[in-house]
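Q: I have a chain open here and would like to talk it through. Can we start with the charged pairs and move on from there?

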Amino acid sequence: MIAQPQHQLMTPQEYLEWEEQQPIKYEYINGEIFAMTGGTIPHNDIALNLASALKNHLRGKGCKVQIADAKVGVSLEGPFHYPDVMVSCDPLDQKARKVIYHPCLIVEVLSPSTEAFDRGKKFRHYRRIDTLKEYVLIEADKMNVECYRLNEKGKWELTSYSLEETIEDETELEVYLTSVDFHCPISLLYEDVVFPEDNPGEISDD
């Protein structure tokens with residue numbers, strides 16, 4: 001998703017009430033609102049692949065899996081974002097209708113226009129969520145997944161999953177999301193995804 005700033009300041013409550021009446025989604029940061037525009041088809045495919053697999057894995061375990069139409073609040077005062085995928089296993093979120101406040105896992109699918117924000121300021125926002133245990137970045141133009149995990153010392157550690165790394169036993173690379181105890185081959189995340197080199201004639205959506 002791509003966010004475009006609108007020159008209008010609001011309180012968090014004004015934003016939440018106003019956005020309900022809008023035809024598109026808006027993120028909220030420090031009083032400013034940012035219109036969300038659509039991503040590419042590969043971006044959508046990756047998010048849907050992961051969300052579907054997580055839904056199956058977590059069925060009956062008291063967790064909710066959300067995709068890009070669900071809003072996360074860093075606090076009651078914001079910021080408010082729309083992650084590509086998130087999971088909450090907190091009872092406080094089970095009956096939520098407007099905002100998820102207690103996710104354990106947040107996933108963003110990267111695009112050229114949002115990568116710097118997803119890696120930088122947005123991650124700083126997400127790190128303020130007490131329940132968050134894992135933040136995952138998935139590249140859309142090649143098979144590469146980065147998992148930032150909160151360790152027992154309260155520090156965020158990076159684990160990378162990339163086909164560019166050599167696997168000595170030649171078994172398929174498996175991604176492990178520790179926050180929800182979920183294993184899957186990296187190819188599952190990229191099922192039906194067309195990479196740029198496979199379709200060079202198409203005009204980019206970004």
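Q: What does R149 form a salt bridge with?
A: With E134; this is a predicted model, and in it the closest N and O atoms of R149 and E134 are 2.6 Å apart.

Q: Where do R149 and E134 sit in the chain?
A: R149 is in strand β11 and E134 in strand β10. They are 15 residues apart, and the pair links distant parts of the chain.

Q: Buried or exposed, R149 and E134?
A: Both R149 and E134 are buried.

Q: How many salt bridges does a search of the whole structure find?
A: Nine.

Q: Which residues are linked in a network of salt bridges?
A: E27, E108, D118 and K122. Within that group, the side chains of K122 and E27 meet at 3.9 Å, N to O. K122 and E27 are both buried.

Q: And E20, which residue is its salt bridge with?
A: K98, with 2.7 Å between the closest N and O atoms.

Q: Changing topic. Which residues touch the most other members of the largest nonpolar core?
A: L54, V145 and L177, out of 32 residues in that core. The elements giving two or more residues to it are α2 (41-58), β7 (85-88), β9 (105-110), β10 (134-139), β11 (144-150), β13 (174-177), β14 (182-185) and α5 (186-189). Helix α2 gives the largest share, seven residues.

Q: What does L177 touch?
A: Leaving aside residues up to four places away in sequence, L177 touches L50, L54, L105, E134, V136, C147, R149 and F182. That list includes E134 and R149, the two partners of the 2.6 Å salt bridge.

Q: What should the span of α2 be, and how far apart are its end C-alpha atoms?
A: The 18 residues of α2 should span 26 Å at 1.5 Å a residue, and the end C-alpha atoms are 25 Å apart, so the two values agree.

Q: What caps the N-terminal end of α2?
A: T40, with a side-chain oxygen 3.2 Å from the backbone nitrogen of H43. Just after α2 comes G60, which has a positive phi of about 80°.

Q: How far apart are N44 and V193?
A: 9.2 Å in space, C-alpha to C-alpha, and 149 residues in sequence.

Q: What about D181, where is its place?
A: In the loop between β13 and β14. D181 is not a glycine, yet its phi is positive, near 50°. With a relative accessibility of 46%, D181 is partly exposed.

Q: And D192, what is its phi?
A: Positive, about 70°, although D192 is not a glycine. D192 lies in the segment after α5 and is exposed, at 65% relative accessible area.

Q: Whole chain, to finish. How many helices and strands are there?
A: Five helices and 14 strands. The chain has 206 residues, of which 46% are buried.

Conventions
Residues are numbered from 1 along each chain as its sequence is written. Side-chain values use heavy atoms; hydrogens and water are left out. A nonpolar core is a set of buried Ala, Val, Leu, Ile, Met, Phe, Trp, Tyr and Cys residues joined through side-chain atoms within 4.5 Å. Buried means under 20% relative accessible area, exposed over 50%, partly exposed in between (1.4 Å probe, protein chains only). Helices (H or I, at least four residues) and strands (E, at least two) are DSSP runs, numbered from the N terminus. Contact means heavy atoms within 4.5 Å. The expected span of a helix is 1.5 Å times one less than its number of residues. A polar contact is a pair of N or O atoms within 3.5 Å; within protein, one must be able to donate a hydrogen and the other to accept it, and residues adjacent in sequence count only if both atoms are side-chain atoms. A salt bridge is a side-chain nitrogen of Lys or Arg within 4 Å of a carboxyl oxygen of Asp or Glu.
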